[in-house]
There are 2 protein chains.
Amino acid sequence: MRDVAVIGVGMNKWGELWELSHRDIWTSAALDAIEDAGVDHVDAMYVGCMSGGLFVGQEHLGAMLADQLGMGPIPGTRVESACASGGLALRQAYLAVASGAHDIVLASGVEKMTDVDGAAATYALSTAADQEYECFHGLTFPGLYAMMARAHMERYGTTIEQLAHVASKNHANGAKNPNAQFPMKVTPEQVLASPMVADPLRLLDCSPITDGAAAVVLVPLEMARKLSDGPIVRIAASAHATDTMALADRAEISAIESTARAAEQAYKAAGIGPDDLSFCEVHDCFTIAEVMVIEALGLVEKGQGGQAAASGLTALDGKRPVNPSGGLKSKGHPVGATGIAQVCEVAEQFRGGAGERQLDDPHWALTQNMGGTGASSVIHIFERVGREAGR
Amino acid sequence: MRDVAVIGVGMNKWGELWELSHRDIWTSAALDAIEDAGVDHVDAMYVGCMSGGLFVGQEHLGAMLADQLGMGPIPGTRVESACASGGLALRQAYLAVASGAHDIVLASGVEKMTDVDGAAATYALSTAADQEYECFHGLTFPGLYAMMARAHMERYGTTIEQLAHVASKNHANGAKNPNAQFPMKVTPEQVLASPMVADPLRLLDCSPITDGAAAVVLVPLEMARKLSDGPIVRIAASAHATDTMALADRAEISAIESTARAAEQAYKAAGIGPDDLSFCEVHDCFTIAEVMVIEALGLVEKGQGGQAAASGLTALDGKRPVNPSGGLKSKGHPVGATGIAQVCEVAEQFRGGAGERQLDDPHWALTQNMGGTGASSVIHIFERVGREAGR
């Protein structure tokens, strides 16, 4: 398979975008990515979207958005893996370029979540869990992650104060991100004083409901070297793994096994380990999720995830920065777009364009995007390379 | 890219399967395909489904069905292109094998459409059209295809009697297919006497609402030669093209341009033309669709599609058999599964296992699956090859 690189990224301010439609939001990000890439067309496009049907009454998204872009008859493919739909769109686009099927491919994600009311949005999101064995009994995502949090607290002594530090750290990063939905700083005390949603998770432990899109352009690495002036974002690994749909079927609910499996494959393919990573963008849909994910990625030992934010390890100036973009928590979580926005952050950091949240000379980065309670995980590893073939 | 072959197929009786759930239907077909292939595992799976959200309140289908199969942590990917979701799943699975990313891949499709009432099903299906510019104004699919039929009749003199012959021909074929939902013969007179749905389309011009699934197993051609005793189904071409989402944006609504574009690419890739095809399985969601599609595929001249069924050209014993399986019209149309079921028919015909509807020594076959009013089309061409490398 051919080496593949990201040469353009597009993302706009996320939030409650009532004046814009699903297609408007997506098209804006897609055109920005194409302009940023400096190409005049794409050969194919992939879009990740969790539920166009339940959120906006629109399926057939590949064709609809290729048309919206004015680029029909190019193939437009929509993929779905709940909240990991964006990461999965990147993976399918990567395979399309790596295989030689297409040269210039747009990978994108979108979700318009605020056209329905809160109850309908909660229902739509719940379809990422097992409808017959979980949702039918009244479970929704705050409840599912609350159970995982309780299990982690019971097993490893993780505390609600430690979880509050995850939120505080990500909001501190998001405050430096002009595209973030909630770019305000919050203290751990404010998190602990926010309204309870599902014990032990409070409002500020939860990522928000968001409208947003993100897009990136992929090409073969050799083409990227010709088109690009600056540092190039090489995709060093792409991995995708699944786990049981229902929490009740798992041996342990305080761990994200699909992330561990995908990470193992990704590290092997990239030829690196967690110690080599300059930073990670991970799926902090709830504060406890970041704790479990950094353990699954091997950034910390199993059971040590709770201390990571509180100790400063995962801060922007820590030894292992996690979610420099602000993460889902502060940047927002338009479910289909999240996995692509993570890649936008990688490109911004590699190019030195991340402004106040810029890291010092990042070389390797990892993105981890997951669906449901981790029934699916998609992981990519990126390497910053120069224009010359020798790297 | 590597050559790819279909080595196993699975499909069950389609219909109103009230005693089975979405996951039951899918798992049965998937296990049948795996057993038929003679393999003990798959490395990845793809599923096409149009709207798990609106029909059964279940998204995250890749992870859910990989789990249901008992094969997690394999990657499970759901793709959607409305009624072409099955064809698109085949295409993505094909790319996964051709690229070398995976060796043994399940491509599948499923839709459980009868758990909601008729109005909800009509709404769910309408999300394959342009929600903001078509559905919002009250259009649903019978109305959209009725407009296309009127345009074709006006332009080429196509008659309602000719359309009735399409239904009659496909029911004659479906009567020989034990998996068909409506395996009864109908005469053109019965079609013309059936209730009007959207003038000029009557009830028997329309494909039904169906529960069903289908699955096939893909491997590299070289592996197929080792695993298979009989004829091998080589995928000679895979093509996917789009058109405008809304009918109003098209220069002509009596043609399916996305099919013509995809066909052009597919014939070129396979190195054959329409005259070489032993038979085709096409997307006859309404009788007029088959008429427009066989023109787009070059099986008949533009404007001559109406006569094809009435003259016997496309009959099982005609010069250009179309829809030997019974097509969507008689076999049923569980939208996500349709594109995969077409491939099951190709394999059955190539292996000589099509019973009463068996064609004489078929060598090349084409499947055409489309979404909406043709905003997306996916076409595959298959060649029957022997076990020996020389073919």
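This is a predicted model: local features need pLDDT of at least 70, side-chain atom pairs count only at pLDDT 80 or more; totals for chains, interfaces and linings use all residues.
Start inside chain A, with two helices. Helix α1(A) covers residues 22-37, and helix α3(A) covers residues 61-68. Their axes lie 10 Å apart, and the two helices pack at an angle of about 60°. Angles under 35 degrees count as roughly parallel, and those from 65 to 115 as roughly perpendicular. The helices α1(A) and α3(A) are therefore oblique to each other. Their crossing is right-handed.

Which residues of α1(A) and α3(A) meet? On the α1(A) side they are R23(A), W26(A) and T27(A). On the α3(A) side they are M64(A), L65(A) and Q68(A). Sorted by class, this contact holds 3 nonpolar, 2 polar and 1 charged residues.

Helix α3(A) also takes part in the contact with chain B. That contact takes 54 residues from chain A and 54 residues from chain B. Several elements of chain A each supply at least two residues to its side, among them α2 (52-56), α3, β3 (76-80) and α4 (85-98). The largest share, 6 residues, comes from α3(A). By class, the side of chain A that touches chain B has 23 nonpolar, 23 polar and 8 charged residues.

Strand β3(A) pairs with strand β3 of chain B, residues 76-80. The pairing runs in the antiparallel sense over 3 bridges. Across from R78(B) in β3(B) stands E80(A).

Conventions:
Residues are numbered from 1 along each chain as its sequence is written. Chains are lettered from A and ligands numbered from 1 in the order in which they are written. Axes are lines fitted to C-alpha atoms, for helices over the stretch in contact, and angles run from 0 to 180 degrees between N-to-C directions. Helices (H or I, at least four residues) and strands (E, at least two) are DSSP runs, numbered from the N terminus. Angles under 35 degrees count as roughly parallel, over 145 as roughly antiparallel, 65 to 115 as roughly perpendicular and the rest as oblique. A crossing is left-handed if the near helix is turned anticlockwise from the far one by less than a right angle, and right-handed if clockwise. Two residues are in contact if their C-beta atoms, placed from the backbone, lie within 7 Å. Ala, Val, Leu, Ile, Met, Phe, Trp, Tyr, Cys and Pro count as nonpolar, Asp, Glu, Lys and Arg as charged, and the others, Gly among them, as polar. Two strands pair if DSSP finds at least two bridges between them.
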